[in-house]
Amino acid sequence: MPSTNGNSANGHGAPKLRSEWIAQRKTQNSDGNFSQMHYARTGVVTEEMEYVARREKIAPELVREEVACGRMIIPANINHPELEPMCIGVASLCKINANIGNSAVTSEIGDELNKLHTAVHFGADTVMDLSTGGDIHEIREAILRHSPVPIGTVPIYEAVSRVKRIEDLNANVMLEVIEEQAEQGVDYMTIHAGVLIQYLPMVSKRITGVVSRGGAILAQWMAHHHRQNFLYECFDEICKIFARHDVSFSLGDGLRPGCIADASDEAQFAELKTLGELTKKAWESDVQVMIEGPGHVPLDKIKEQVDKEKELCYEAPFYTLGPLVTDIAPGYDHITSAIGAAMIGWHGAAMLCYVTPKEHLGLPNEKDVKDGIIAYKIAAHAADVARRRPGAQDRDDALSYARYKFDWEKQFALSLDPETARSMHDETLPDDFYKEAAFCSMCGPKFCSMNYSSKVDEYNKQVHGLEKKDYSELVEKLVELK
């Protein structure tokens with residue numbers, strides 16, 4: 001697991017794993033396009049692709065092929081040398097993103113670095129800095145220099161901070177912000193270029209209207225000026241910036257549904273079709289793309305989301321927020337969304353954006369970040385098991401075997417959150433003696449089913465010659481790896 005605890009040569013931030021790779025690449029590159037897709041399409045297996053292949057336990061050539069055709073991205077800005085390369089795509093394990101960032105009314109750099117550390121420690125594969133107040137540039141610089149995972153942003157947030165009114169936004173301000181963030185090292189950016197003026201009347205029947213912050217900002221701008229989305233009109237210029245720095249598009253779903261009643265409506269799918277058109281345009285410049293998705297979707301419409309995205313966006317990786325499958329549980333939306341996230345991951349979403357318990361209620365704190373990540377690590381892992389990823393179920397089998405053998409220490413070690421698992425066990429049976437007991441406080445010594453089942457194992461062995469499968473070697477291997 002990547003860690004933010006490492007120190008670079010000057011004692012600050014994360015180690016710069018990619019420095020030599022990037023330096024060599026800059027001396028050899030002649031066309032100014034540093035995109036992983038560009039290298040993949042010219043037949044080059046980069047060091048990032050090799051690194052990803054080792055992490056995913058797949059062939060480097062498969063990684064190159066998937067990146068070349070657009071089904072996989074490796075978000076890896078050449079100005080983010082601290083990055084430990086990872087990939088997002090249906091041929092790899094399902095990933096999760098954690099959102100951090102301050103607001104105009106709360107949080108500071110130290111708080112955000114603590115959130116970053118918590119996110120990476122508990123398994124976030126990428127992190128988005130969604131800061132909207134204070135010194136946004138300084139906060140992002142601190143996050144980038146301490147982050148071994150890809151960092152994403154929504155540049156329109158910073159652009160808004162540079163003008164007096166939303167109506168004063170324009171393409172020049174946006175391109176300036178995008179260029180600065182790319183030079184700083186941002187690995188992927190949410191660009192809401194698919195919210196078009198002709199789609200605005202389509203949201204009139206919705207309960208919650210436009211819930212994307214970026215989408216709503218652009219909708220207001222278009223309504224005020226009676227002009228087309230400037231991000232759509234300057235998309236080619238954005239592609240040029242992204243190619244120079246290897247920034248990946250996260251094409252934003254500005255018209256995503258904000259409640260289950262609004263799911264799969266005309267506005268959502270109209271924007272999705274435009275995102276597919278923009279995907280092809282980005283690919284013409286060898287720029288990597290993933291597609292953002294909903295949102296709030298009832299269970300029976302989740303598969304439709306993936307099918308539509310594959311059809312309209314040419315199988316570019318799908319990156320979804322949840323989706324939340326019901327709207328009645330403020331304070332527990334990490335649960336309502338993790339249910340939908342597991343399902344959409346099973347059907348083919350490549351990355352899941354976590355939702356914390358504070359969703360719709362307030363800015364998440366460090367504990368909320370942890371709770372959201374744990375919920376989404378469960379969802380992503382459940383999706384990988386359901387998709388029969390090679391080796392995905394090994395940890396489940398190993399933990400289950402440790403549980404059956406009453407090996408409490410190994411059961412704790414193999415869990416997603418060992419500290420919590422241990423504390424819950426020790427709450428009622430704290431003495432070390434109980435770490436070897438063949439029962440827990442729920443059943444006690446007389447009502448433990450697995451205790452009695454072990455006696456059946458002895459019977460089956462003695463009478464029928466049936467040996468129970470031994471997972472001890474797998475348990476030891478995975479405990480050591482973790």
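Biologist: Which residues of helix H1 are buried?

Modeller: Keep in mind that this is a predicted model. In H1, residues 19–28, the buried ones are Trp-21, Ile-22 and Arg-25. Looking down the axis of H1, you'd see these buried residues fall within an arc of 90°, so they line one face of the helix.

Biologist: Why would residues apart in sequence end up pointing the same way?

Modeller: An α-helix has 3.6 residues a turn, so residues three or four places apart point the same way.

Biologist: What do the buried residues of H1 pack against?

Modeller: They pack against helix H2 (36–41) and helix H3 (47–56). On the face of H1 turned away from that buried side sit the exposed residues Glu-20 and Thr-27.

Biologist: Now the strands. How do they pair?

Modeller: In general, strands of a sheet pair through backbone hydrogen bonds, either parallel or antiparallel. Here, eight strands close into a barrel, in the order E3-E4-E5-E6-E7-E8-E9-E10, with parallel pairing. On average, neighbouring strands of this sheet are turned by 25° against each other, ignoring direction. Take E5 (residues 151–153) and E6 (residues 188–191): they pair over two bridges, and Gly-152 stands opposite Tyr-188 in E6.

Biologist: Which strands does helix H5 lie across?

Modeller: H5 (residues 109–121) lies across E3 (95–100) and E4 (126–129), and runs at about 165° to E3.

Biologist: And Pro-430, where is its place?

Modeller: Pro-430 is in the loop between helix H18 (418–426) and helix H19 (449–464). Its relative accessibility is 49%, so Pro-430 counts as partly exposed.

Notes. Residues numbered from 1 in each chain as written. Predicted model: local features only at pLDDT ≥ 70, side-chain atom pairs only at ≥ 80, totals over all residues. Heavy atoms only, no water. Pairing = 2+ DSSP bridges. Helix = DSSP H or I, 4+ residues; strand = E, 2+ residues; numbered from the N terminus. Axes fitted to C-alpha atoms, helices over the stretch in contact; angles between N-to-C directions. Contact = heavy atoms within 4.5 Å. Buried < 20%, exposed > 50% of the residue type's maximum accessible area, 1.4 Å probe, protein only. Arc of directions from axis to C-beta.
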